[in-house]
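Let's take a walk through this model together. Have a look at the sequence and the fold first, and then we'll go piece by piece.

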Amino acid sequence: MTGATSPQDGPAPVAEGDRSTRVAVATMYRLTAGHRGAVAVATVLTLAGSALGLAQPLVAKHVVDASGRGEVIWPLLGLLGALFVIEAATGAAGRFLLERMGEGVVRQLRHGLVGRLLRLEMREYDRQRSGDLISRVTADTTLLREVVSQALVDLVTGSLIAAGAIILMAWLDLLLLLLVGLTVAAAAVVVASLLTGIRCASEHMQDSVGAIAADLERALGSLPMVRVHSAEEREAAGIGARVDAAYGAGVRTAKLASVMSSAVELAVQGSFLVVLVVGGLRVGSHAGSLGDLVAFLLYASYLVLPLSSVFRAVGLVQRGMGAYQRIDEALRLAVEPSAPRMPGERTPTTWPTGTRGHPALALHDVHFSYDPQRPVLRGVSFAVPHRRYVALVGRSGAGKSTVFALVARFYEPDVGAVLFDGRPATELTREACRRGVAIVDQNTHVIHGTLRDNITYAVPDATEPEIRRVVELARLEEVVERLPDGLAAVIGERGSTLSGGERQRVALARALLARPSLLLLDEPTSHLDAINESALTTVMKDIAQECALLVIAHRLSTVQHADHIVVLQDGCTAAGGRHEELLAGSPLYRELAASQMLRPGGEPGSDSRERADG
């Protein structure tokens, strides 16, 4: 389920080693599913226009022959003009349908990619670079638009038109056709030898473009750090190396494409020269008529265009396969399952109610590791009762933030159980669990938009009284008054116009607005001054009267008011109790307090990812 590709996500995976043109064309054709009607109409219009074009040399032949006999040619000229106009009109209509179909395919792919990328397993985000994933949604799909809107139909119509032209040329002069066929065959051999190189170069170019996006996204996302360490030149050099790699791959693609174009052009010019020389000699020796030669030359020109489009389409399909390979890889990344791992008789779609006397959250002997060789949690057990305030303390790397990640079901325990109101998490959907959980972590997430947008992100239809309530609870009144437009003020990318403490309070207001059954706070006072810290400590007492509260804490001022404190050591539950009890009975807790990791105004440790510290 997690690795499957749904129909709207795209076609079936392609064998990575199969680079044949037949497989590439079949893959590109599958992308048009849902648009086959438009493709069929566009193909018919294109063929109709081409048929009108094929009729024009025959009319021109009659014009030349009739003029030589002194007959009236105005009706024939009128017919020729009408054929030309109708051909142009049908061609334009067909091209519009193809372009619209191409945009539709890209839209469908982007919808599938966006929907899948937003639902990936967290382990996939750990392995992938977000900038590269974004590039697959933007740059790679754009390249595919040209393939599906032009190349596929060019292959079909170009082949059929070329076949029609060849039949008529054979009817006019078989010898000249054989000479033209030899030059075209030579060009086809050259083109076939270049296709694999074009696809490889295209894949390398798209990979380099994705790396550019990933590196640039990393640098821009950490711009203050880049500036303060004067690393602009170093970052520019690193990204420039990616740009140079993309340039090199693009130049290689262009070189191969230019060789292919030159081969086609030489075949075209050679065909015309052969037809002119041999055909002229045959007319001079009265072995053929001038009208036949004119018609054959026109058909030769009509043959050149579709054959050129076929060769170009084949090369474009191979380039498109380089982009599609990256899209297909993204569509095959594992997503979070929508169903519980162990469904019960009735799978709840909402947070389970706490009417049976169970705690809001319980962890039973939980083990977990990001890397199998480096376990993070080695047996964590504790409970968070309803309307109680529980604190989680320990050294950096003890596993505190990992516990939060498991409670939010970003990951699943390797061993042990997480229970919500007595119900194992494995019997609930992740959506059901998350409806009752809100989290405020150290890396406060503030999006570009207004202050109101950020506060109401979890509850977009929140009423004004509800918004005012959480603004007051999170002590955001001064921020609202200071901003020129109040709640309607745009706060910039990642909340750049707010201080760290203000961003943290915005995240807290957003979490409170959702009225969760369980609120997770990861060191909520780390960015607050003494006045706001004292106020937030009071707020947390009030919050604990409404929901269960689990707080990662380093400061004594936060922990000492907790109803229960859980001490973690090396991924295990080392002790539990109230502040005074732990000071008396837990050597580790006393050590933490003595080392000022749990002191008023102390600096928090860096527990954002325990995997770095074990």
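How many bridges join strand 1 (residues 361-371) to strand 4 (residues 415-420)? Five, and the two strands run antiparallel. Before going on, some ground rules: this is a predicted model, where local features need pLDDT of at least 70 and side-chain atom pairs count only at pLDDT 80 or more, while totals for chains, interfaces and linings use all residues. Residues are numbered from 1 along each chain as its sequence is written, and side-chain values use heavy atoms, with hydrogens and water left out. Helices (H or I, at least four residues) and strands (E, at least two) are DSSP runs numbered from the N terminus, and two strands pair if DSSP finds at least two bridges between them.

Back to strand 4: its Val 418 is the bridge partner of Leu 363. Strand 4 also runs antiparallel to strand 5 (residues 423-424), joined by two bridges, and Leu 419 stands opposite Pro 424 there. Strands 4 and 5 form a hairpin with two residues between them, and Asp 421 in the turn has a positive phi of about 50°.

Six strands form an open sheet in the order 6-7-8-3-9-10, with mixed pairing. Strand 6 (437-440) and strand 10 (572-577) are the edge strands, each pairing on one side only. From one strand to the next, the twist averages 20°. Within this sheet, strand 3 (residues 389-394) and strand 9 (residues 564-569) pair in the parallel sense over five bridges, and Val 393 has Val 567 of strand 9 as its bridge partner.

Helix 19 (residues 587-594) packs on the sheet, touching strand 3, strand 9 and strand 10; contact here means heavy atoms within 4.5 Å. The direction of helix 19 makes about 90° with that of strand 9 (axes are lines fitted to C-alpha atoms, for helices over the stretch in contact, and angles run from 0 to 180 degrees between N-to-C directions). Leu 588, Tyr 589 and Leu 592 of helix 19 are buried, that is, under 20% relative accessible area, where exposed is over 50% and partly exposed in between (1.4 Å probe, protein chains only). Seen down the axis, the buried residues of helix 19 fall within an arc of 100°, so they line one face of the helix; the arc is that of the directions from the helix axis to the C-beta atoms. On the other side of helix 19, Pro 587 and Ala 594 are exposed.
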